[in-house]
Protein chains: 2
Amino acid sequence: MGITKSTEFTTEQNKKSLVFKALGHPARIAIIEHILSVNTCICNDLVGVLPLSQATISQHLRELKEANIIKGSIEGNSICYCLNIETLSSIRNVLDHFISNSDRIPCC
Amino acid sequence: MGITKSTEFTTEQNKKSLVFKALGHPARIAIIEHILSVNTCICNDLVGVLPLSQATISQHLRELKEANIIKGSIEGNSICYCLNIETLSSIRNVLDHFISNSDRIPCC
DNA sequence: GATTAACATCGTAATATTGCGATATATCTT
DNA sequence: AAGATATATCGCAATATTACGATGTTAATC
């Protein structure tokens with residue numbers, strides 16, 4: 001006991017939760033916001049921006065990449081990261097669905 | 001080491017990540033979807049619906065409540081839960097922001 | 001007032017996450 | 001080729017999360 005019982009839930013429920021989970025850390029929000037703010041793609045000036053070590057930042061980037069929230073392309077000896085709008089859109093649609101179906105009898 | 005360095009990030013970044021984090025578990029997605037599907041508010045028929053014990057479900061409900069994703073109102077000796085559209089909307093706006101600012105030079 | 005039903009909380013075990021230094025790897029630069 | 005730069009990965013320690021049985025608590029019911 002202690003492990004998430006993923007197999008007991010649907011594939012869709014697991015997929016959704018994995019994207020949300022990847023967004024569920026302030027460092028990863030900061031990374032996304034930094035990619036947004038620098039109008040071009042970044043490599044690891046993140047190391048100068050975030051209060052974390054290079055190893056830790058690399059780990060967070062990997063989690064974002066595994067959740068398909070960012071993409072990275074090799075650019076010489078550095079890596080250029082940018083947002084994957086598709087994933088962000090689809091998770092936005094999930095939230096839209098949560099919100100839109102709220103035309104029912106309220107209770108609280 | 002090991003603990004999230006929350007204090008190193010902005011209040012806003014922490015707030016956003018806490019909502020996403022609360023959505024980052026399949027059981028909590030399932031709870032939200034169940035509240036959506038039963039057109040009226042539910043109590044703990046969740047115990048009959050989810051593959052988890054009453055204690056575990058109660059814990060997940062508390063996390064959703066603490067993140068302001070659901071609200072519960074006492075209804076006799078049971079509790080009536082429903083979605084908190086405000087929180088869901090505001091986090092949807094965060095995603096909108098992530099997506100909309102994507103009118104910049106793509107890199108990948 | 002005892003019983004039942006619906007939750008919440010405590011304590012605990014198993015597992016996952018976070019963070020970092022050290023080290024590896026790959027690609028530029030000289 | 002040697003050194004510098006950028007990134008990834010390993011191994012570990014600290015902490016957090018997940019899950020559940022047992023036990024509380026509160027309110028309806030008998």
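This is a predicted model: local features need pLDDT of at least 70, side-chain atom pairs count only at pLDDT 80 or more; totals for chains, interfaces and linings use all residues.
The helices in question are α5 of chain A, residues 85-100, and α5 of chain B, residues 85-100. Their axes come within 9 Å and cross at roughly 160°. Angles over 145 degrees count as roughly antiparallel, so α5(A) is roughly antiparallel to α5(B).

On the α5(A) side, the contact is made by A:Ile85, A:Leu88, A:Ser89, A:Ile91, A:Arg92, A:Leu95, A:Asp96, A:Phe98 and A:Ile99. On the α5(B) side, the residues are B:Ile85, B:Leu88, B:Ser89, B:Ile91, B:Arg92, B:Leu95, B:Asp96, B:Phe98 and B:Ile99. Sorted by class, this contact has twelve nonpolar, two polar and four charged residues.

## Relation between the chains

Chain A is superposed on chain B by a rotation of 180°, with 0.0 Å of shift along the rotation axis and an RMSD of 0.0 Å. This is the relation of a two-fold axis. Both copies use the same surface: 100% of the contact residues of chain A recur in chain B.

## Packing of α2 and α4 in chain B

Within chain B, helix α2 (residues 26-37) packs with helix α4 (residues 54-66). The axes of these helices are 10 Å apart, and the angle is about 75°. Angles of 65 to 115 degrees count as roughly perpendicular, so α2(B) is roughly perpendicular to α4(B).

Helix α2(B) contributes B:Ala27, B:Arg28, B:Ile31 and B:Ile32 to the contact, while α4(B) contributes B:His60, B:Leu61, B:Glu63 and B:Leu64. The residues of this contact divide into five nonpolar, one polar and two charged.

Key:
Residues are numbered from 1 along each chain as its sequence is written. Chains are lettered from A and ligands numbered from 1 in the order in which they are written. Side-chain values use heavy atoms; hydrogens and water are left out. Axes are lines fitted to C-alpha atoms, for helices over the stretch in contact, and angles run from 0 to 180 degrees between N-to-C directions. Helices (H or I, at least four residues) and strands (E, at least two) are DSSP runs, numbered from the N terminus. Angles under 35 degrees count as roughly parallel, over 145 as roughly antiparallel, 65 to 115 as roughly perpendicular and the rest as oblique. Contact means heavy atoms within 4.5 Å. Ala, Val, Leu, Ile, Met, Phe, Trp, Tyr, Cys and Pro count as nonpolar, Asp, Glu, Lys and Arg as charged, and the others, Gly among them, as polar. Copies are superposed by least squares on the C-alpha atoms of residues with pLDDT of at least 70 in both.
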